[in-house]
Amino acid sequence: MNTIIYSIDLGTSQPRLLVAEVDDSQTFGFKVLHSEEKKTSRGVKRGQIVAVDEASRVINDLIMGANKKLGKKYESKDRYKKVYCININGFQFYTEYKDSQIDVSNKTRIDENDIKRLTDQIRAEVGVRAEQITISVDPTDYSVDGMPKTNNVIGVNGQRLTGTCFVVMATKNNIAPYNNLIPMVKFDQFCTTASAKAKVLIPPTAKNRTITLVDIGYGTINIAIVKNGNTRFESMIPIGADLITSDIENELEVSHKEAEALKQEIQSLLSLSTTDVDITFSEDRVVTINTKLLKLIISARVEELVAYIESILSKSGMTNSIDLIALTGGGANTYGMLDCVKKRFEGKTVNILNQTSYDNIDNEHLIKYSACYGMTIQYVRNNPVIEPEISFADNEQIPFVEPDTSNNNTTKQTEPQKEEKAKRKGFDLSNFLGKLQDKVLGAEEPSIDGDLK
């Protein structure tokens, strides 16, 4: 029986769904069958479900839409087993380190099976606690027969294996709202957003490196510190890039949609030779905006967001050992964000993660659905038939690259064009507003399929 995995990224931004079939011949151990996103998210705020009915309708539409696209072939219960995964955020999870020991198998040489037995034992020991669910178990270091700790013991001879794992847990009360979303759907796996993205965006070939993934979303900032391919620290900040949009809206007295457009087009506005610019939002609405004030509004909030990130990383106790800080998410490209993080973490390598180097994988699709990919990868690894071998284009370097400013929404202009535009002292955002699709800005999509019965 084949396994079909439905992985749902239910965030404050656009909700997304990835449907995959387990296939050990593929790069990640599965084959993507379908992917879909909604323009707006409903029922979720700051990573928390605040309206069960609305969130239920969003998930219902994604699942029903996917089933229609896949067709009746995958409806056979005899041939296909369906499992459902979803991400959790907010204060719904907590973490701890857990130690355990096992006797090495008869071969006395430690192999992958021993590591799995150790993690399974820790999962079982934690799982006996009442009203608690184990989300993930990631090994951090090992010791063989009382020897000093190390991060790799595969192939070592020994009798007794001791290991420490980073465990993410949640209470059953915090998980209950998710399993009450859709009557016919019980989620088989939960995964935190940062951990899910780290599993796919940070390659396991980054050996002996400590990498921090900072996912700056619209309503939350998710942070994961990964070393040797395993999570060592994880946290969530219940604020995001939407605060910048709200600041612009309040200070400049424009609509939320207009404020979002100004935030995304600030680079173009600052390139003009004049500071007071007439912005055309529609045929009958033209507003004069001071670009220096707009820059100040954005910079002030960016400073605050980065200060929160610095505070969380300080609490991890791992700041000094971090080799790379990788920014991802829609808020990572906010004006001044990259420079501000570099200034706060002087001496650290800081990049915006907008490129990966997995073979035969669409880069844009992978980054867009990274949380869904990560959840699917975690399920495959937790329920393996054959552990998939992941190939990379370059096994020595991590493919994090600086953002390509030439590929932004801003179109490069010649000097005569800039002078002509400055003379007009105007800026037309009407076309941009028409195309802008943001979770809270786009038109709400009606449910086509109705509720699941």
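How many salt bridges does the count come to by the rule used here, a side-chain nitrogen of Lys or Arg within 4 Å of a carboxyl oxygen of Asp or Glu? The count comes to 13 salt bridges. This is a predicted model, in which local features need pLDDT of at least 70 and side-chain atom pairs count only at pLDDT 80 or more, while totals for chains, interfaces and linings use all residues. Residues are numbered from 1 along each chain as its sequence is written, and side-chain values use heavy atoms, with hydrogens and water left out.

Asp114 is buried at a relative accessible area of 0%, whereas Arg117, at 32%, is partly exposed (buried means under 20%, exposed over 50%, partly exposed in between, with a 1.4 Å probe and protein chains only).

Next select Glu258 and Arg285, whose side chains meet in a salt bridge (2.6 Å, N to O). The pair links distant parts of the chain, with Glu258 in helix α6 and Arg285 in strand β15 (residues 285-290), 27 residues apart. Glu258 is buried at 8% relative accessibility, and Arg285 is partly exposed at 30%.

Then show Arg16, Glu37 and Lys368, which are linked in a network of salt bridges.

Finish at Gly330, in the loop between β16 (324-328) and α9 (337-344); Gly330 is exposed, with a relative accessible area of 65%.

Notes:
Helices (H or I, at least four residues) and strands (E, at least two) are DSSP runs, numbered from the N terminus.
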